[in-house]
Amino acid sequence: MATYQCPDCGYVYDEKVGCEHEGYPAGTQWEDIPEEFPCPDCFVREKPDFEMLEGGK
């Protein structure tokens, strides 16, 4: 499982945890998240802007 970080605010999407309040339960893979997924913390960046963190896939 991988993690991806918003370059603006530092929010981390962890595939193991998901993002329940946005409708993505634990285990949701990054490739299953839509391209227009906004950062749930800052709403400035979208999925294509996120960066994979070290130790990812």
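The backbone oxygen of Trp30 lies 2.8 Å from a polar atom of the side chain of Lys47, and the backbone oxygen of Ile33 is placed 2.7 Å from a polar atom of the Lys47 side chain. Both are polar contacts, defined as a pair of N or O atoms within 3.5 Å, where within protein one must be able to donate a hydrogen and the other to accept it, and where residues adjacent in sequence count only if both atoms are side-chain atoms. The model is a predicted one, in which local features need pLDDT of at least 70 and side-chain atom pairs count only at pLDDT 80 or more, whereas totals for chains, interfaces and linings use all residues. Residues are numbered from 1 along each chain as its sequence is written, and side-chain values use heavy atoms, with hydrogens and water left out.

Lys47 belongs to the loop between β2 and β3. The residue is buried, with a relative accessible area of 7%; buried denotes under 20% relative accessible area, exposed over 50%, and partly exposed the range in between (1.4 Å probe, protein chains only). When neighbours within four places in sequence are set aside, Lys47 is in contact (heavy atoms within 4.5 Å) with Trp30, Glu31, Ile33, Pro34, Glu35 and Phe37.

The protein chain contains zero helices and three strands, and its elements follow the order β-β-β from the N terminus. The radius of gyration is 10 Å, close to the 10 Å that the globule rule gives for 57 residues, so the chain is as compact as a globular protein of that length. This radius is taken over C-alpha atoms, and the globule rule is 2.2 Å times the number of residues to the power 0.38. Helices (H or I, at least four residues) and strands (E, at least two) are DSSP runs, numbered from the N terminus. Along the principal axes, the C-alpha atoms fill a box of roughly 25 × 25 × 15 Å. Of the 57 residues, 35% count as buried. Among contacts with a separation of 6 or more, 39% are accounted for by residues 24 or more positions apart.

Glu15 and Lys16 are both assigned to the loop between β2 and β3. Glu15 counts as buried, at 0% relative accessibility, and a polar atom of its side chain lies 2.8 Å from the backbone nitrogen of Ala2. Lys16, by contrast, counts as exposed at 55% relative accessibility. Beyond its neighbours within four places in sequence, Lys16 is in contact with Met1, Ala26 and Gly27. The C-alpha atoms of Lys16 and Gln5, eleven residues apart in sequence, are 14 Å apart in space.

Cys6 occupies the loop between β1 (3-5) and β2 (12-14). With a relative accessible area of 2%, Cys6 is buried. Its contacts, leaving aside neighbours within four places in sequence, are with Tyr11, Cys39, Cys42, Arg45 and Phe50. A C-alpha separation of 9.0 Å is found between Cys6 and Asp41, which are 35 residues apart along the chain.

Most residues other than glycine have a negative phi. Phe43, although not a glycine, has a positive phi of about 60 degrees. Phe43 lies in the loop between β2 and β3 and is exposed, with a relative accessible area of 56%.
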